[in-house]
Amino acid sequence: MFDRENKICSTCLSDLPYTYTKPIFPVGEKRNGRSKGYFYCVLAPFFYVKSVRSGILALKFYGRKKTCEFFGGYMADAVQNCPFYSDIEVVLPVPASKKRTNLRGYNQSQLLAQETVKIIDKPLLNNVLIRQTDSASQSLAKNKTQRVKNVKNAFKVINNEYIVDKTILLVDDVVTTGATLNECSRVLIENGAKKILCITAARANK
């Protein structure tokens, strides 16, 4: 069990923008009555507002890697308490480009995944899903259409023998439209994965 009180003071704890971990089911556009979503659902413990937004920005742009312990604990807690996530077999982080990883010195999604698996006790696979393009940050996209276009064909699977017929937990920092998670999931499914479940630290407050 994640020890919340040792990570944050009680006043801040009560003011956190909890989502109450209600999973969001496929967010892909429906065409001809069929969903284009490739992941089963996405879960996040927080809305991307207030102190949570500040914490994630500090992690991504100011080297505050210790915040991963806090967020990873809540993410693991959400996963362990959601019945839809009971069949996870392996965990994959959403990969960052080499350029962005080199600039930051780390991939924040990988750090979040590392903290999450410490608690849920599942194998973490860091060298299966890679980013093969250096597209612009999703935060610069003005709408969902641009976000989808920005990540189209950005990801690639190597060593697919590790994911064939597996239920995968895909980890990222924030979900807004789900475009990045959906594109990663598409590539994983097309390379033999059975089902994709997603977890992020926060989701857009919509």
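Modeller: Happy to! H3 is mostly covered, with 12 of its 14 residues buried, where buried means under 20% relative accessible area, exposed over 50%, and partly exposed in between (1.4 Å probe, protein chains only). Its buried residues are Thr67, Cys68, Phe70, Phe71, Gly72, Gly73, Tyr74, Met75, Ala76, Asp77, Ala78 and Val79. The helix covers residues 67–80 and reaches 20 Å from first to last C-alpha, close to the 20 Å expected at 1.5 Å a residue; that expected span is 1.5 Å times one less than the number of residues.

A word on the basis: this is a predicted model, local features need pLDDT of at least 70, side-chain atom pairs count only at pLDDT 80 or more, and totals for chains, interfaces and linings use all residues. Residues are numbered from 1 along each chain as its sequence is written, and side-chain values use heavy atoms, with hydrogens and water left out.

Of the 206 residues in the chain, 48% are buried. Taking contacts (heavy atoms within 4.5 Å) between residues at least 6 apart in sequence, 80% join residues at least 24 apart.

Elsewhere, Tyr40 lies in the loop between strand S2 (34–35) and strand S3 (41–43). Tyr40 counts as partly exposed because its relative accessibility is 35%.

Notes: Helices (H or I, at least four residues) and strands (E, at least two) are DSSP runs, numbered from the N terminus.
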